[in-house]
Amino acid sequence: MERFYLITGHVAQVELLVPQGVKLVQLRIKDQPKAEVTRQIARARDFCAVHGAQLVVNDYWQVALDLRCSFVHLGQEDMETADLAALRRAGIRYGLSTHDETELDRALSHDPTYVALGPVFPTLLKKMKWGPQGLDRITQWKAMAGTTPLVAIGGMTPERLPGVFSAGADSVAVVTDIRTANDPEARTREWIRTCAI
Ligand SMILES: Cc1ncc(COP(=O)(O)OP(=O)(O)O)c(N)n1
Ligand SMILES: Cc1ncsc1CCOP(=O)(O)O
Ligand SMILES: [Mg+2]
């Protein structure tokens, strides 16, 4: 699995950052009307196809189905309503969020393309009911996930990558560190360089 997993909140960021060399990018749109969500996902799908990047659609699994996208990310609440069988029939891969052992067992029972563990470090992105999980938890998750790739998320920075990969993560997902960087393009290149080590 790609070691660098970029998460952006708008298709304009996909268009800015994918050309820096990003191969795995999630479009995580919140609080927008359905028509705008659909427009952005369609544009990101086409842009990623041209640039050889894998688009992951967050939350909007039905839109992903309708627009023939190939990968979605679902949280535990999203899984309540998502039709995983329909996604599988359509050949759409899915990654699933996990925060505790019960969620991990549940996620693995759906044979996901990856499981994500977070927040590993404190995150500023959103209020969460789970505190920081820490690096040992990555090692524990890796052992329990078996051959299913593990994505670590939450408070990630380039400086933290060596420890996170050493602990057992296959991939690291990031939102805030790149979104708030003075120069998001340069920061993205730094992430790509560091993930390659
Ligand atoms: C790679 C990755 N991991 C976790 C999440 C979080 O998903 P979810 O719990 O559904 O929360 P929202 O992102 O929808 O607020 C993710 N999006 N991507
Ligand atoms: C959505 C989400 N799920 C677990 S941690 C997290 C936020 C991660 O983002 P950031 O890189 O901004 O801390
Ligand atoms: Mg979600």
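This is a predicted model: local features need pLDDT of at least 70, side-chain atom pairs count only at pLDDT 80 or more; totals for chains, interfaces and linings use all residues.
**View 1. Arginine 68 is exposed, since it has 11 C-beta neighbours inside 10 Å.** Residues are numbered from 1 along each chain as its sequence is written, and chains are lettered from A and ligands numbered from 1 in the order in which they are written. Arginine 68 sits in the loop between helix H3 (61–66) and strand E4; helices (H or I, at least four residues) and strands (E, at least two) are DSSP runs, numbered from the N terminus. Have a look at the backbone here: arginine 68 is not a glycine, yet its phi is positive, at about 55 degrees.

**View 2. Aspartate 111 is another non-glycine residue with a positive phi, near 50 degrees.** You will find aspartate 111 in the loop between H6 and E6. Aspartate 111 counts as exposed because 11 other C-beta atoms lie within 10 Å.

**View 3. Eight strands close into a barrel.** From one strand to the next, the twist averages 25 degrees, taken between axes that are lines fitted to C-alpha atoms, with angles from 0 to 180 degrees between N-to-C directions. An unreviewed UniProt entry lists residues 10–178 as "domain: Thiamine phosphate synthase/TenI"; such annotations may be inferred rather than shown by experiment. The span 10–178 is 43% helix and 18% strand, and its end C-alpha atoms lie 13 Å apart.

View 4. Strand E3 (residues 54–58) joins E4 over two bridges, and valine 57 has valine 72 in E4 as its bridge partner. Strand E4 (residues 71–74) pairs with E5 over four bridges, where histidine 73 stands opposite glycine 95.

**View 5. Strand E5 is largely enclosed by the rest of the structure, because five of its six residues are buried.** Four bridges join E5 to strand E6 (residues 114–117), and the two run parallel. Follow serine 97 across to alanine 116 in E6, which stands opposite. Between E5 and E6 the chain passes through helix H6 (residues 101–109), and this β-α-β crossover is right-handed. Right-handed here means that, with the strands pointing away from the viewer, the path from the first strand over the helix to the second runs clockwise.

**View 6. Strand E7 is covered on both faces.** Leu150 and Ala152 lie on one side and Val151 and Ile153 on the other, and all are buried. In a regular strand, side chains alternate between the two faces of the sheet. Three bridges link E6 and E7 in the parallel sense, with alanine 116 partnered by valine 151. E6, helix H7 (residues 135–145) and E7 form a right-handed β-α-β unit. On to E8 (residues 171–174), E7 again has three bridges and runs parallel, and valine 151 stands opposite serine 171. The path from E7 to E8 goes through helix H8 (residues 161–167), in a right-handed β-α-β crossover.

**View 7. Ligand 1 is surrounded by 15 residues.** A residue belongs to such a shell if its C-beta atom, placed from the backbone, lies within 6 Å of the molecule. The closest are Gly75, Ser97, Ala116, Ile153 and Ala173. Strands E5 (93–98) and E7 (150–153) each supply at least two residues of this shell. By class, the shell around ligand 1 holds five nonpolar, seven polar and three charged residues; Ala, Val, Leu, Ile, Met, Phe, Trp, Tyr, Cys and Pro count as nonpolar, Asp, Glu, Lys and Arg as charged, and the others, Gly among them, as polar.

**View 8. The shell around ligand 2 includes Gly118 and Pro119.** A cis peptide bond joins glycine 118 and proline 119, with omega about -10 degrees. Proline 119 lies in the loop between E6 and H7. Other residues around ligand 2 include Thr123, Leu125, Ile153, Met156, Val174 and Asp177. Six nonpolar, five polar and one charged residues make up the shell around ligand 2.

Note on methods:
A residue is buried if 20 or more other C-beta atoms lie within 10 Å of its own, exposed if 12 or fewer, and partly exposed in between; C-beta atoms are placed from the backbone. Two strands pair if DSSP finds at least two bridges between them.
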